[in-house]
Amino acid sequence: MARRVCSEERVWIEVLSSEGLSDAEIAARLGRDRATVWREKRRCGGGDSPARLLPDPAASLPAVGRPSIR
């Protein structure tokens, strides 16, 4: 059974990708197949990026519905 990509590997994928390494080079360093690295980058955008860890600013806004016409 294939092992899943852990959060530490996702961080490495993001860091190495930002340094300009190819998917094949990242995969070789992590001991993974390059398709696995490609899928993780596509699925997660390279891993747990700091921007995605921040709360969604729109979530704190009150819900606004359509005005009622009476």
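Tutor: What follows is an account of helix 1 and its packing. The model is predicted: local features need pLDDT of at least 70, side-chain atom pairs count only at pLDDT 80 or more, and totals for chains, interfaces and linings use all residues. Residues are numbered from 1 along each chain as its sequence is written, and side-chain values use heavy atoms, with hydrogens and water left out.

Helices here are DSSP runs (H or I, at least four residues), numbered from the N terminus. Helix 1 comprises twelve residues, 7-18, and at 1.5 Å a residue should span 16 Å, in agreement with the 17 Å between its end C-alpha atoms; the expected span is 1.5 Å times one less than the number of residues.

Buried residues (under 20% relative accessible area, 1.4 Å probe, protein chains only) in helix 1 are Glu 9, Arg 10, Ile 13 and Leu 16. Seen down the axis, they fall within an arc of 135°, so they line one face of the helix; the arc is that of the directions from the helix axis to the C-beta atoms. On the other side, Glu 8 and Ser 18 are exposed, that is, over 50%.

The buried residues of helix 1 pack against helix 2 (23-30) and helix 3 (34-44). In contact (heavy atoms within 4.5 Å), Glu 9, Trp 12, Ile 13, Leu 16 and Ser 17 of helix 1 meet Ile 26, Arg 29 and Leu 30 of helix 2. Beyond helix 1 comes Gly 20, with a positive phi near 95°.

Definitions and conventions: Helices (H or I, at least four residues) and strands (E, at least two) are DSSP runs, numbered from the N terminus.
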